[in-house]
Amino acid sequence: MRVFIAGIDGYLGWPLALYLSARGHEVAGADLLLRREWVAEVGGDSALPIASRAERLEAFRGTRGFALDFRVGDLTDYAFVKGFFEEFQPEAVIHLGQMPSAPYSMMDQAHCVWTQRNNVINNLNILWAIKEVVPEAHLIKLGTMGEYGTPAVDIPEGFFEVEFRGRQDRLPFPRQAGSWYHQSKVHDSHNTQFASKIWGARATDIMQGVVFGTRIPEMGDDWRMRTRLDFDQCFGTAINRFCCQAVIGHPLTLFGLGKQKRGFLPLADSMRCLGLAVENAPAAGEYRVFNQFENAYSISELACLVRDVAAEIGLAVEIKRYDNPRTEMEEHYYNPDRQHLLDLGYEPTRDISLVVKEMLLDLCDNRGRIEAHAELLIPDIRWDASRKRSEVIG
Ligand code: USQ
């Protein structure tokens with residue numbers, strides 16, 4: 001199948017290009033290389049060395065024997081998106097090309113507005129380019145489990161049956177996002193569902209949990225085929241940060257009580273799930289929602305997992321609680337469904353401690369890169385838009 005990846009240079013986009021092309025799909029993609037700029041803007045760097053676009057393309061051609069069509073371009077520029085679709089004629093479009101960080105979007109007015117403008121406009125451009133150029137194509141839109149927030153009831157996959165004043169309907173499940181970034185994804189979900197309703201677009205909206213991991217098998221041994229791994233307060237996600245902290249002997253930074261629960265999944269599971277979505281398209285006009293995660297865990301459970309796995313390889317790790325820079329519930333009910341992907345054949349990774357071990361070993365070889373930016377491990381971006389470094393509270 002011809003698959004277009006928007007955001008092909010990112011943490012997920014690059015491995016997805018490798019994964020799908022190894023499965024025989026013809027892949028093309030676009031990226032403005034902004035993730036590299038955002039991480040530099042907040043003073044960070046990838047914990048793992050990351051190849052330039054040119055090095056990646058050279059490595060791809062060398063190991064696969066054919067070229068990858070990966071262009072630098074702005075998804076908020078409609079002429080660019082439409083022109084690329086006219087040439088490539090995608091049958092599936094996977095949209096990962098957005099600003100993905102909650103803290104970055106909470107920094108100030110400029111970062112909030114930029115995030116929403118970029119994310120909402122580029123999703124609209126992709127919807128319009130599908131409508132005008134390839135109306136049969138299937139859009140797989142990366143949303144986030146964070147769109148739902150943490151309600152005190154079970155979380156279904158997008159829709160639920162409601163009875164209200166004696167009448168019943170199947171309605172979208174409420175979205176109660178926790179950051180300006182997550183709000184941008186809520187807007188995208190509404191716009192994507194609307195496009196399905198009025199134009200008959202086929203769409204899968206992926207409510208993905210927090211991804212962790214350094215590798216997928218399709219990367220092979222060439223370092224240029226590897227993906228990035230961020231650990232700064234904006235672009236480093238919880239387990240990835242904990243593993244980076246563990247290898248340099250920095251305490252693991254639990255925010256608040258540490259009892260917040262989220263859905264998590266290894267990088268390899270994310271690839272498998274996105275592959276299943278691509279290979280099982282919905283009908284024309286169908287807008288479906290997949291909750292995509294391996295399992296739900298509390299943050300402190302995961303910190304303990306990282307500590308215990310680190311101990312197996314001789315690393316002594318402490319866990320500390322820091323005052324929470326975010327406004328979020330720190331203890332709550334959390335029970336989201338994830339049946340749709342299981343029905344399509346998703347087999348979640350059985351033992352995530354093996355993934356954590358692999359990460360720790362990869363990171364041990366790159367300690368110096370983390371130590372050089374260790375000050376970025378303590379957050380100072382607060383949800384109330386003030387700036388103050390978090391302090392240890394327990
Ligand atoms: N947390 C800590 N310590 C840390 C980092 C995070 O306790 O050092 C806590 C946070 O307070 C939060 C939880 O861990 O309760 C998750 O935080 P995160 O930074 O790992 O993830 P989040 O900000 O939710 O965003 C990430 C990705 C985003 C994606 C989202 C999926 O950056 O692109 O949409 O995960 S989800 O969380 O399901 O919304």
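Start by selecting His250, which sits in the loop between α8 (238-247) and β10 (252-255). The model on screen is a predicted one. Is His250 buried or exposed? His250 counts as buried, because its relative accessibility is 16% and the cut-off for buried is under 20%. Now show its surroundings. Not counting residues up to four places away in sequence, His250 touches Gln245, Tyr322, Leu377 and Ile378.

**The nonpolar cores**

Next, select Leu16, Leu68 and Leu363. Within the largest nonpolar core, which has 71 residues, these three touch the most other members. Centre the view on Leu363. With its neighbours within four places in sequence left aside, Leu363 is in contact with Ala47, Leu48, Leu229, Cys243, Cys244, Val247 and Ile370. Another core lies apart from the largest one; it has 21 residues, including Phe4, Phe80, Phe85 and Phe88. Select those four phenylalanines to find it.

**Helices α10 and α12**

Select residues 299-312 for helix α10 and residues 352-364 for helix α12. Their axes are 9 Å apart, and the two helices pack at an angle of about 60°. That angle makes α10 oblique to α12. The crossing of this pair is right-handed. To see the contact, show side chains on both helices. From α10, the contact uses Leu302, Leu305, Val306, Val309, Ala310 and Glu312. From α12, Ile352, Ser353, Val356, Lys357 and Leu360 take part. By class, the residues of the contact of α10 with α12 are eight nonpolar, one polar and two charged.

**Helices α6 and α7**

Move to residues 109-133, helix α6, and residues 180-199, helix α7. How far apart are the axes of α6 and α7? They are 9 Å apart, and the helices pack at an angle of about 20°. This makes α6 roughly parallel to α7, since angles under 35 degrees count as such. Where α6 passes α7, the crossing is right-handed.

Colour the two sides of this contact separately:

- On α6, pick Cys112, Thr115, Gln116, Asn119, Val120, Asn123, Leu124, Leu127, Trp128 and Lys131.
- On α7, pick Trp180, Tyr181, Gln183, Ser184, His187, Asp188, Asn191, Thr192, Ala195 and Trp199.

The residues of the contact of α6 with α7 divide into nine nonpolar, nine polar and two charged.

Follow the chain out of α6 to Glu136, in the loop between α6 and β5 (138-144). Glu136 counts as exposed, because its relative accessibility is 55% and the cut-off is over 50%. Glu136 and Ala283 are 147 residues apart in sequence, while their C-alpha atoms are 9.4 Å apart in space.

**Two backbone stops**

Most residues other than glycine have a negative phi.

Select Arg165, in the loop between β6 (159-164) and β7 (167-172). Its phi is near 50°, a positive value in a residue other than glycine. Arg165 is exposed, with a relative accessible area of 75%.

Finish at Ala385, in the segment after α13 (367-371). What is the phi of Ala385? Phi there is near 70°, again a positive value in a residue other than glycine. At 49% relative accessibility, Ala385 counts as partly exposed.

Methods:
Residues numbered from 1 in each chain as written. Predicted model: local features only at pLDDT ≥ 70, side-chain atom pairs only at ≥ 80, totals over all residues. Heavy atoms only, no water. Axes fitted to C-alpha atoms, helices over the stretch in contact; angles between N-to-C directions. Helix = DSSP H or I, 4+ residues; strand = E, 2+ residues; numbered from the N terminus. Parallel < 35°, antiparallel > 145°, perpendicular 65-115°, else oblique. Left-handed = near helix turned anticlockwise from the far one by under 90°. Contact = heavy atoms within 4.5 Å. Nonpolar A, V, L, I, M, F, W, Y, C, P; charged D, E, K, R; others polar. Core = buried A, V, L, I, M, F, W, Y, C linked by side-chain atoms within 4.5 Å. Buried < 20%, exposed > 50% of the residue type's maximum accessible area, 1.4 Å probe, protein only.
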